[in-house]
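I wanted a quick walk through this model before setting anything up. These are my notes, in the order I looked things up.

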Amino acid sequence: MSFFRKLCCGGAHNWSMTDRSGTTWRIFTLKELSTATNNFNYDNKLGEGGFGSVYWGQIWDGSQIAVKRLKVFTTTNEMAFAIEVEILGRVKHKNLLSLRGYCAEGQERLIVYDYMPNLSLLSHLHGQQSVEGLLNWKRRMNVAIGSAEGIEYLHHYATPHIIHRDIKASNVLLDSNFEAQVADFGFAKFIPDGVTHVTTRVKGTLGYLAPEYAMWGKVSESCDVYSFGILLLELISGKKPIEKIGPGRKRTIVEWAAPLVYQERLREMVDPKLEENFDEEELRKVVHVATLCAQNSPENRPTIREVVLLLKDDPNRKSTSDYDHQTDRVKLEAVKYNDELLEADDEDASHKQ
Ligand SMILES: Nc1ncnc2c1ncn2[C@@H]1O[C@H](COP(=O)(O)OP(=O)(O)OP(=O)(O)O)[C@@H](O)[C@H]1O
Ligand SMILES: [Mg+2]
């Protein structure tokens, strides 16, 4: 029986399996997850996303888990659940959050992951943990490289290739060593060989969305590269992808960064929380990469593989990348999302913690 059929048959079976990539996962019972999360207690809630709530829990062996509980069991959610479980069951990489198991009982659909003790980039950049100052420059650079490597695996090594489609700060989790673990493949679709993009409905968080995806629903690996560029700007500056700058006025991080990049005022881009503790050469490099990634035209963006090489400053990069000497030609172009999308983004934000 295939992985997918086992999933769709549902029911609580008491077995575990190891897939081709060596990932061990198992089916959890609803009772077990209920006990682990103190009956999905509000105090255990880590947050809420588009598909439901995530709860912290502890199971009988003492290990800590994060349980994503789908809020409404609609066809869409069932699909997303099946896709996510299928993908997570297959992929294994040091920078991708792997699946620990799932539960499918009655109308309940839950996905179980390892709990990431350092939570997400979102909480360190803008949330509760941002005051603690744990995300120093070195860790930020390491997270940039690690998350790029996770996405590189999805784009270039997973079979078939996977477009993430929802690269953002809450989907980059941090393990006990502050290593990046890219999470949430709920929006990802398999890309058959030879197909460069598919048209689909826009879903994600505005501000990270590539213009061709936000306006026309055109998806390709390059959309993830764009989102990654926005994530890099966020990582350097501690600014949100879209900020309210007055009554009824919003500004994208690209609109904010563009003049600073153009006028080479890079030091002013750095998160004040870092108190000037950063490496100037690395800053130059990361801004350069972010600028390449966040170009409006998808064909001008680098591949994520090139991004990894550039970020790692590989001595061989000159033979593999044309992007190293492009600084003068590339400038950040701000995307103007239409008002309808900006309003939709507000609605999206309202169901999050
Ligand atoms: N394994 C985990 N360990 C620790 N925190 C987690 C884990 N999984 C998710 N979270 C956190 O729980 C919160 C809710 O996650 P969820 O994925 O549901 O929403 P989201 O990432 O904000 O949006 P989206 O639905 O688009 O992914 C987020 O802040 C996320 O970082
Ligand atoms: Mg998420």
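**Strands first**

I started in E5, where Ser 53 has Arg 69 as its bridge partner. Before going on, I noted that the model is predicted, with local features needing pLDDT of at least 70 and side-chain atom pairs counting only at pLDDT 80 or more, while totals for chains, interfaces and linings use all residues. Residues are numbered from 1 along each chain as its sequence is written, and chains are lettered from A and ligands numbered from 1 in the order in which they are written.

My element names are DSSP runs numbered from the N terminus, helices (H or I) having at least four residues and strands (E) at least two. I call two strands paired if DSSP finds at least two bridges between them. Strand E4 (residues 52-58) and E5 run antiparallel and are joined by seven bridges. Five residues separate them in a hairpin, and Gly 62 in its turn has a positive phi of about 90 degrees.

I then went back one strand. E3 and E4 are antiparallel too, with four bridges, and a hairpin links them through two residues. Glu 48 has Ser 53 in E4 as its bridge partner.

E5 and E7 make five bridges in the antiparallel sense, and Ile 65 has Asp 114 in E7 as its partner. E7 (residues 108-114) also runs antiparallel to E6, with six bridges. Tyr 102 sits opposite Ile 111 in E7. The E6-E7 hairpin has two residues between the strands, and Gly 106 there takes a positive phi near 55 degrees.

**Burial**

I count a residue as buried if 20 or more other C-beta atoms lie within 10 Å of its own, exposed if 12 or fewer, and partly exposed in between, with C-beta atoms placed from the backbone. Of the 353 residues in the protein chain, 42% are buried. E5 is mostly covered, with six of its seven residues buried. Strand E6 (residues 99-105) has six of its seven residues buried, so it is largely enclosed by the rest of the structure.

**Ligand 1**

What surrounds ligand 1? I found 22 residues in its shell, the closest being Gly 47, Gly 49, Ala 66, Ser 120 and Ser 170. A residue is near the ligand here if its C-beta atom, placed from the backbone, lies within 6 Å of it. E3 (45-49) and E5 (64-70) each supply at least two shell residues, and E3 gives the largest share, four residues.

By class I get 11 nonpolar, six polar and five charged residues. Nonpolar means Ala, Val, Leu, Ile, Met, Phe, Trp, Tyr, Cys and Pro, charged means Asp, Glu, Lys and Arg, and the others, Gly among them, are polar. Domain 1 (2-114) and domain 2 (121-352) both contribute to the shell, so ligand 1 lies between them. Those domain bounds come from an automatic or database domain assignment.

**Helices**

Next I checked the length of H7 (residues 221-237). Its 17 residues should span 24 Å at 1.5 Å a residue, and the end C-alpha atoms are 25 Å apart, which agrees. The expected span is 1.5 Å times one less than the number of residues. All 17 of the 17 residues are buried, so H7 is largely enclosed by the rest of the structure. Gly 238 follows H7 with a positive phi near 70 degrees.

I also looked at His 155, which sits in helix H5 (residues 137-157). It counts as buried because it has 21 C-beta neighbours inside 10 Å. Beyond its neighbours within four places in sequence, His 155 is in contact (C-beta atoms, placed from the backbone, within 7 Å) with His 161, Glu 221, Asp 224 and Ile 304. Between the C-alpha atoms of His 155 and Asp 224 I have 9.3 Å, at 69 residues apart along the chain.

Ile 304 is one of the buried residues in H10. Helix H10 (residues 304-312) is mostly covered, with seven of its nine residues buried. Asp 313 follows H10, and its phi is positive, near 55 degrees.

Leu 119 is not a glycine, yet its phi is positive, about 50 degrees. Its loop runs between E7 and helix H4 (121-125). Glu 276 has a positive phi too, near 70 degrees, and with 8 C-beta neighbours inside 10 Å it counts as exposed.

Notes
Two residues are in contact if their C-beta atoms, placed from the backbone, lie within 7 Å.
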